[in-house]
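Thanks for coming. I will go through one structure today, beginning with the DNA and then moving to the protein itself.

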There are 2 protein chains.
Amino acid sequence: MKKVTINSVASYAGVSKKTVSRVLNNEPNVSDATREKVLKVFKELDYTPNPIARGLAQNRSFIIGCIYDNPSKSYITRVQTGALAACQENNYNLLIHPCDLRGEELISNIEQLIQTSRLDGLVLTPPFSDFKLLVDFLKTKNIPYARVASAVLEDESISVRSNDEQGAFEITEHLIRLGHKSIAFIKGHPDHSATEQRFKGYLRALNTHGVEFNERLVEEGNFSYHSGVDSARSILDLTPRPTAVFASNDYMAAAVLKLATQRQLKVPDDISIAGFDNAPIARHIWPGLTTIAQPVEDMTKQAVTKLIEHIAEPQEAPYQVTLEARLITRESTAQIK
Amino acid sequence: MKKVTINSVASYAGVSKKTVSRVLNNEPNVSDATREKVLKVFKELDYTPNPIARGLAQNRSFIIGCIYDNPSKSYITRVQTGALAACQENNYNLLIHPCDLRGEELISNIEQLIQTSRLDGLVLTPPFSDFKLLVDFLKTKNIPYARVASAVLEDESISVRSNDEQGAFEITEHLIRLGHKSIAFIKGHPDHSATEQRFKGYLRALNTHGVEFNERLVEEGNFSYHSGVDSARSILDLTPRPTAVFASNDYMAAAVLKLATQRQLKVPDDISIAGFDNAPIARHIWPGLTTIAQPVEDMTKQAVTKLIEHIAEPQEAPYQVTLEARLITRESTAQIK
DNA sequence: CGACATTATGACACCGGTGTCAGGTTCGGA
DNA sequence: TCCGAACCTGACACCGGTGTCATAATGTCG
């Protein structure tokens with residue numbers, strides 16, 4: 001397998017390598033005849049430009065980094081799927097980088113990542129999307145970035161989110177319409193901006209429908225299955241027991257379901273349970289969880305696409321989009337008896 | 001932020017850039033004094049070598065590709081974790097590439113991936129690990145690769161696996177010791193070599209303990225939750241109903257559990273259920289699934305580490321390792337009544 | 001038809017490293 | 001003390017592309 005370089009193409013086609021380069025990049029000022037000729041040679045020799053050489057010349061790596069610190073494998077996978085789709089369309093590579101939000105070294109860790117891998121841009125996924133320290137750092141260093149599923153909208157960056165507050169509102173409303181008036185709520189991880197948004201949606205729904213808010217029905221979770229177990233215990237021990245539980249994500253909701261089942265409670269007859277995210281587990285357990293589906297792949301793909309555009313030609317205008325979330329009703333919620 | 005290149009370091013340290021390069025690569029034939037001097041300048045200027053330039057000069061990309069076509073997000077994530085660990089230790093990047101085993105274009109898709117991204121090597125994860133067509137292609141093209149969790153051991157490549165057959169043996173034996181004699185089995189995806197291995201382990205356990213094999217107790221699944229539901233239906237409809245079900249992975253086991261619960265069967269009192277893989281769902285449902293834990297991260301990390309070593313200096317000797325799997329007993333299996 | 005603008009093309013340096021090789025220095029042994 | 005071997009070091013080409021600029025070819029308009 002002999003190597004085919006721009007030089008071989010050039011000499012084979014009888015033009016200079018600069019001209020080949022022009023054809024490669026769809027630059028103007030190449031006559032149609034020449035362009036045709038070079039394109040034909042591309043095919044004949046099965047030429048693929050070397051992205052490394054191109055990167056060196058243009059001082060780019062064609063690599064986008066994606067950082068995350070998220071316990072949900074399915075969420076991560078969905079993020080990756082969306083990001084990969086955008087990268088492949090634009091001949092970029094995706095470098096995944098799990099890391100620890102709480103780590104002492106986070107910023108320097110990220111800095112090193114960018115330095116050593118020469119990233120062209122960074123995608124921030126929750127909980128980094130709203131991590132001010134990091135965002136400010138990137139801004140200072142002038143490193144292009146896009147934020148996925150952030151809650152706090154700023155003015156100057158690329159950000160694609162879904163409407164968590166509205167989703168939480170709808171699912172709470174769904175429970176209220178089923179006759180529930182005592183709806184427990186399990187909060188998510190305090191570092192995630194979604195946590196606050198979902199809580200807000202819950203409150204707004206109560207408010208809108210004139211259901212009294214009861215502080216004792218709110219538990220602090222952290223999105224992990226384990227925290228869901230703890231919260232579930234507190235909630236199921238309450239007297240009177242709430243007739244419904246809305247957990248801020250499906251893992252915690254699954255934990256509530258598990259504990260309830262262990263205690264011989266029938267779901268949804270004795271208690272309704274709702275989650276958030278539409279993780280695979282939501283339909284892998286019985287009864288299936290009523291939950292909120294977010295367009296994670298879409299969000300990420302849009303964010304990365306815009307990021308790459310921005311890298312190609314920096315744009316002043318911010319790009320801020322909010323996609324809608326969707327209520328999915330399954331068997332875990334039912335009319336109160 | 002001024003750019004620090006090898007040239008700045010060289011002139012600042014008063015040596016040639018070749019000498020700087022020598023220090024960078026820990027080459028011999030540099031006096032201690034010079035080495036010290038250069039290393040000090042590295043620190044002072046905060047120099048990071050440009051991997052792209054290095055790649056161009058050495059005709060390498062320092063990128064390892066990882067291909068997969070696997071429905072289990074948690075498995076993929078674990079593979080990534082292991083692969084990333086190995087890459088980071090060796091200053092490599094990991095390029096993830098989900099793709100379709102059955103796709104018409106698979107081979108040319110992979111070829112293009114390698115061409116365009118200039119991969120230095122490829123990690124094959126199930127079901128690609130034993131996909132002869134692809135392995136042969138890589139061998140022909142002389143592209144370094146490592147196989148994770150393959151069943152068919154060959155002589156000439158890097159391969160790290162875990163003992164699926166033994167794991168299946170142990171979990172079946174566990175059921176037999178609990179008094180079960182009618183143990184249904186759900187097979188995995190026919191393209192995965194693990195499918196056959198797990199079935200073999202099941203058979204060997206029956207055989208060893210003198211339990212008669214009954215063909216009617218075996219269902220064809222494909223590792224997906226959905227296929228588990230179908231198989232579960234057939235199994236639960238049998239008369240007499242088996243007293244235990246061993247599904248080839250946890251998703252299918254969860255499906256059996258779901259269907260059994262829907263039918264008012266008590267698990268494990270009425271029927272025991274066992275899975276394989278120790279996926280998160282195994283402990284997120286109630287009752288928790290008895291299953292087999294494999295060292296996925298370890299396997300992958302070892303495979304990638306060896307692959308990178310092999311790329312640095314091609315070795316004749318193959319590297320074949322089998323790690324042990326571990327039985328984890330949870331609440332879904334119990335003594336027969 | 002001549003002056004000038006526009007388009008097409010190539011020569012050459014450059015991106016930031018590494019490989020090759022030649023020349024100078026130091027060291028060990030006779 | 002002299003000589004060859006081993007050790008250091010730097011000059012320079014090279015990896016495979018892109019950017020700059022000069023120049024040649026073509027087109028436009030008065």
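I start with one contact: a polar side-chain atom of N25(B) sits 2.8 Å from a phosphate oxygen of DNA strand C. A polar contact here is a pair of N or O atoms within 3.5 Å; within protein, one must be able to donate a hydrogen and the other to accept it, and residues adjacent in sequence count only if both atoms are side-chain atoms.

Some bookkeeping. This is a predicted model, in which local features need pLDDT of at least 70 and side-chain atom pairs count only at pLDDT 80 or more, while totals for chains, interfaces and linings use all residues. Residues are numbered from 1 along each chain as its sequence is written, chains are lettered from A and ligands numbered from 1 in the order in which they are written, and side-chain values use heavy atoms, with hydrogens and water left out.

Back to DNA strand C. A residue is near a strand if one of its heavy atoms lies within 4 Å of it. There are 28 residues around DNA strand C, and T19(A), R22(A), T34(A), I6(B) and S21(B) come nearest. S16(A) uses a backbone N or O atom instead, 2.9 Å from a phosphate oxygen. Of the DNA strand C atoms within 4 Å of the protein, 60% are sugar or phosphate, and the rest belong to bases. Helix 4 of chain B gives the largest share of this surface, 5 residues. Helices are DSSP runs (H or I, at least four residues), as are strands (E, at least two), numbered from the N terminus.

Now DNA strand D. Sugar and phosphate make up 62% of the DNA strand D atoms that come within 4 Å of the protein. Polar backbone atoms reach phosphate oxygens of DNA strand D from I6(A) at 2.6 Å, from S31(B) at 2.9 Å and from N50(A) at 3.2 Å. Helix 4 of chain A gives the most to this surface, with 5 residues.

Next, helix packing. Two packed helices are described by the angle between their axes and the distance between the axes. Helix 5 (residues 73-89) and helix 13 (residues 296-312), both of chain B, pack at about 35° with axes 7 Å apart. Axes are lines fitted to C-alpha atoms, for helices over the stretch in contact, and angles run from 0 to 180 degrees between N-to-C directions. Residues making the contact include Y75(B) and R78(B) from helix 5 and V296(B) and E297(B) from helix 13. Contact means heavy atoms within 4.5 Å.

R78(B) is also one of the residues touched by Q294(B), which is in the loop between strand 10 (291-293) and helix 13 of chain B. Is Q294(B) buried or exposed? Q294(B) is buried, because its relative accessible area is 5%; buried means under 20%, exposed over 50%, and partly exposed in between (1.4 Å probe, protein chains only). The Q294(B) side chain makes a 2.8 Å polar contact with that of D277(B).

Last, E165(B), in helix 8 (residues 164-177) of chain B. E165(B) counts as buried because its relative accessibility is 15%. Its side chain is joined to that of R204(B) by a polar contact of 2.7 Å.

Methods: Lists of a residue's contacts leave out its neighbours within four places in sequence.
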